[in-house]
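Please read this report with the structure open beside it. It goes from the overall fold to the sheet, and then to individual side-chain pairs.

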Amino acid sequence: MVISFTIDGNPFGKQRPYIVRNSRGMHGIKRKESILHENIAREAWHHVYQGKQAEWDVSLDIKAFYKIPQSWPQWKQNAARFGFLRPNKKGPLKPDVDNVAKWIMDSLNPSKIGRKTIPNSGIYADDGAVVDLHISSYYSDNPRTEVNIVTQPKPDMNEIKKKVKEQLKNGSI
């Protein structure tokens, strides 16, 4: 199954939590901006998918389109539009691609209220279901984040055992 959705606006990078010390030790608290952007992404995929959670492997393809800086000369803006220049420097409006991936992956996890997980509120039960991740970044006049998710059905383990035995019998390892 393929699920595709777009999140309008400049791509957002997952932020580090605030570290708080109390009588029970230290723990992290998510920043408000992270919670807000995770909910925006969660709402975007809820508009296109209302099915049940993936039971097996998940592949993610993320394309981050950043706004072209208006301070650049016209030739440089056009070079960015045509793909000759790609975002490669970190800045306030250009988070690292790994933080963009964390933002998207966390929004696909089940929602939580406090420490309680809301059942069936994510595309997968845990980030561990993601076995293939591809992310690329571009400049655009229309900043956005495009996400394509491919979920695989749970395989028949008996069929896999048969195939493994057959491969071992043929000596092809």
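Read along the sequence, the elements of this predicted model follow the pattern β-β-β-α-β-α-α-β-β-β-β-α, which comes to 4 helices and 8 strands in the protein. The chain has 173 residues, and 34% of them count as buried. The accessible surface comes to about 11,700 Å², and carbon and sulfur atoms account for 54% of that area.

Four of the strands form an open sheet of 4 strands in the order β1-β8-β4-β7, and the pairing within it is mixed. The strands β1 (2-8) and β7 stand at the edges with a single partner strand each, so one side of each is left without a neighbour in the sheet. On average, and with direction ignored, neighbouring strands of this sheet are turned by 10 degrees against each other.

Within the sheet, β1 and β8 pair in the antiparallel sense over 7 bridges, and in this pairing I3 has I149 of β8 as its bridge partner. Helix α3 (residues 97-108) packs on the sheet and touches β1, β4 (58-67), β7 and β8, while its direction makes about 125 degrees with that of β7. Strands β4 and β8 also run antiparallel and are joined by 8 bridges, and here the bridge partner of F65 in β8 is R144.

If residues up to four places away in sequence are not counted, T145 touches F5, T6, I7, G9, P11, I62, K63, W103 and I104.

**Aromatic pairs**

A pair of aromatic rings is described by the distance of the centres and the angle of the planes. The structure holds 2 aromatic pairs. F65 and Y138 form a stacked pair, with 5.3 Å from centre to centre and 25 degrees between the planes. Since F65 lies in strand β4 and Y138 in strand β7, the pair ties together parts that are 73 residues apart in sequence. F65 is buried, with a relative accessible area of 12%, whereas Y138 is partly exposed at 25%.

The rings of W72 and Y139 have centres 5.1 Å apart and planes at 75 degrees, so this pair is edge-to-face. It links distant parts of the chain, with W72 in the loop between β4 and α2 and Y139 in strand β7, 67 residues apart. W72 counts as buried, with a relative accessible area of 18%, and Y139 is buried as well, at 7% relative accessibility.

**Salt bridges**

How many salt bridges does a search of the whole structure find? The search finds 2 of them. In one, D141 pairs with R81, and the closest N and O atoms are 2.6 Å apart. D141 lies in the loop between β7 (130-140) and β8 (144-151), and R81 lies in helix α2 (residues 74-81), so the pair ties together parts that are 60 residues apart in sequence. In the other, E146 forms a salt bridge with R144, with 2.9 Å between the closest N and O atoms.

| Residue | Relative accessible area | Class |
|---|---|---|
| D141 | 47% | partly exposed |
| R81 | 33% | partly exposed |
| E146 | 25% | partly exposed |
| R144 | 15% | buried |

R144 is thus a buried residue, with a relative accessible area of 15%, and it takes part in the salt bridge with E146 as well as being the bridge partner of F65 in the pairing of strands. F65 in turn belongs to the stacked aromatic pair with Y138, and strand β4, where F65 lies, is one of the strands that helix α3 touches.

Technical notes:
Residues are numbered from 1 along each chain as its sequence is written. This is a predicted model: local features need pLDDT of at least 70, side-chain atom pairs count only at pLDDT 80 or more; totals for chains, interfaces and linings use all residues. Side-chain values use heavy atoms; hydrogens and water are left out. A salt bridge is a side-chain nitrogen of Lys or Arg within 4 Å of a carboxyl oxygen of Asp or Glu. Helices (H or I, at least four residues) and strands (E, at least two) are DSSP runs, numbered from the N terminus. Buried means under 20% relative accessible area, exposed over 50%, partly exposed in between (1.4 Å probe, protein chains only). Accessible areas come from the Shrake-Rupley method with a 1.4 Å probe; for residues, only the protein chains shown count as cover. Two strands pair if DSSP finds at least two bridges between them. Axes are lines fitted to C-alpha atoms, for helices over the stretch in contact, and angles run from 0 to 180 degrees between N-to-C directions. Contact means heavy atoms within 4.5 Å. Rings of Phe, Tyr and Trp (its six-membered ring) pair if their centres lie within 6.5 Å; planes under 30 degrees apart count as stacked, over 60 as edge-to-face and the rest as tilted.
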